[in-house]
Amino acid sequence: MRADLHVHSTASDGTDPPAEVMRRAARVGLDVVALTDHDTVAGHAEARAAAGPVTLLPGIELSCRLGGPRRGVPGGSSPRGWQSVHLLAYLFDPDQPELAAELARIRDDRVLRARAMVDKLAGLGVEISWEQVASIAGQAVVGRPHIARAMAASGAIASPREAFTRDWIADGGRAYVDRYALDPARAIGLVRQAGGVAVLAHPRAGRDTWMSAGQIGGLAAAGLAGLEVFHPDQSEAERARLLALAYDLGLVATGGSDDHGSLTDYRLGCETTPAEAYQDLLSRVPDCGIKGE
C-alpha cells in the first residue's frame, strides 16, 4: 500500500485542482492521498468526488508558531524572534466551532498579510498589484506562492522560486510580513477536540522550521500523534534521527511528498507512509470511517 499524506491543491497554494490531484495520484499508483491544503478544507468535496480507486484521507496543514529562543537550532536565531511550525491534521470535524473560528481568523489574516507584502514589494520597485495576486489565488487561501507567481509574471524574477530569498519574501526577507498563527500545542488540542489527530510536518526540512528533540517531545506531551519523517527536503541523516525519536516518543512515523504541482515539479508519491504506520495513525482516531488496508 502506498499512502502520500502531504499534498496540496489549488484550494491553497498548489497548481492543480483537487480533482486533478486525485487523478494524478491514481496514475502514479497511490492507494491513499491526504489533501492537506494550508488552513482550509475547501478542496475536500471535489477531491472526494474524483477519488476513483484512491482513498482520500481528509486533512489540513495548520499554520503554527513557537515563540521564544530557538535553542539548539542550526544556524542561529530566527530573524523573526519566533519559529514557524506546521501541523498536518487528519480526520477532524472542520465544523467544530472553536477550530472553525481559528481557521477563519488565520485565512482572514493571510489576506491582510498578502496585501502588506504587495505594498512592501512596490516600495522595492516590484510592479505587482493586489488585484493580480488575488486573480492568481482565485478562491484559494492566499499565500506567498501566489505573490511569487505574480512577481514572476511581472518580470521582476525569472521564476516563482526566486521569490523565496531574503531579498524578497522568504522568512525575514525585505518584503516579509508577519501573520497570525496558532501555538502548536493549542492547535493539537483543537484538532483532538474535533476528533482528529495531528502530525508534525517536516521538522528538519530547513533552518527556519528546524525543531529540536526537546521541542518535539513537548508537542508529544501535548498530544501529538505523529512525526513526518519521510519528506523530500529532509536528509537521510535527519530521517534516521527523527525515526529514532518517533520510536522513543511513541509517535507514528509518516511520510508525504508535500507536492504543490508544477511548483514542486509534480513530485506526488515521491515519499510515502509505510502501510503499518498508516494503519497505526488510523487506529488513533475513533470511528474514523477509513479502511486501514
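Me: Which are the buried residues of helix H6 (residues 184–193)?
Reply: Pro-184, Ala-187, Ile-188, Leu-190 and Val-191 are the buried ones in H6. They sit on the same side of the helix, because they cover an arc of only 165° around its axis. One thing to keep in mind as we go: this is a predicted model.

Me: Okay, what do the buried residues of H6 pack against?
Reply: Quite a list! They pack against strands E3 and E4, helix H3 (97–123), strand E5 (197–200) and helix H7 (213–221).

Me: And how do I read the two ends of H6? Which atom does a side-chain oxygen of Asp-183 reach at the start?
Reply: That oxygen comes to within 3.0 Å of the backbone nitrogen of Ala-185. As for the other end, H6 is followed by Gly-195, which has a positive phi, near 85°.

Me: You mentioned E3. Is strand E3 (residues 55–67) mostly covered or mostly open?
Reply: Mostly covered: ten of the 13 residues in E3 are buried. A handy general idea for any strand is that, when it is regular, its side chains alternate between the two faces of the sheet.

Me: How do I read its neighbours? In which sense, parallel or antiparallel, does E3 pair with strand E2 (residues 32–35)?
Reply: E2 and E3 are parallel, and four bridges link them. For a spot to look at, take Val-32, whose bridge partner in E3 is Thr-55.

Me: Then how many bridges join E3 to strand E4 (residues 82–90)?
Reply: Nine, and here the two strands run antiparallel.

Me: Let's zoom out. How many helices and strands does the protein have?
Reply: Nine helices and seven strands.

Me: Why would I call the overall shape compact?
Reply: You compare the radius of gyration with what a compact globule would have. For 293 residues that would be near 19 Å, and the protein has 18 Å, so the two agree. Taken along the principal axes, the C-alpha atoms fill a box of roughly 55 × 45 × 40 Å.

Me: What share of the residues counts as buried?
Reply: 55% of the 293 residues do. The accessible surface comes to about 11,900 Å², and carbon and sulfur atoms account for 50% of that.

Me: Where is Asp-265 found?
Reply: Asp-265 lies in the loop between strand E7 (252–255) and H9, and Tyr-266 is found in the loop between E7 and H9 too.

Me: And is Asp-265 buried or exposed?
Reply: Exposed, with a relative accessible area of 55%. Tyr-266 has 46% relative accessibility, so it counts as partly exposed; the cut-off for exposed is over 50%.

Terms used. Residues are numbered from 1 along each chain as its sequence is written. This is a predicted model: local features need pLDDT of at least 70, side-chain atom pairs count only at pLDDT 80 or more; totals for chains, interfaces and linings use all residues. Side-chain values use heavy atoms; hydrogens and water are left out. Buried means under 20% relative accessible area, exposed over 50%, partly exposed in between (1.4 Å probe, protein chains only). Two strands pair if DSSP finds at least two bridges between them. The arc is that of the directions from the helix axis to the C-beta atoms. Contact means heavy atoms within 4.5 Å. A polar contact is a pair of N or O atoms within 3.5 Å; within protein, one must be able to donate a hydrogen and the other to accept it, and residues adjacent in sequence count only if both atoms are side-chain atoms. The radius of gyration is taken over C-alpha atoms; the globule rule is 2.2 Å times the number of residues to the power 0.38. Accessible areas come from the Shrake-Rupley method with a 1.4 Å probe; for residues, only the protein chains shown count as cover.
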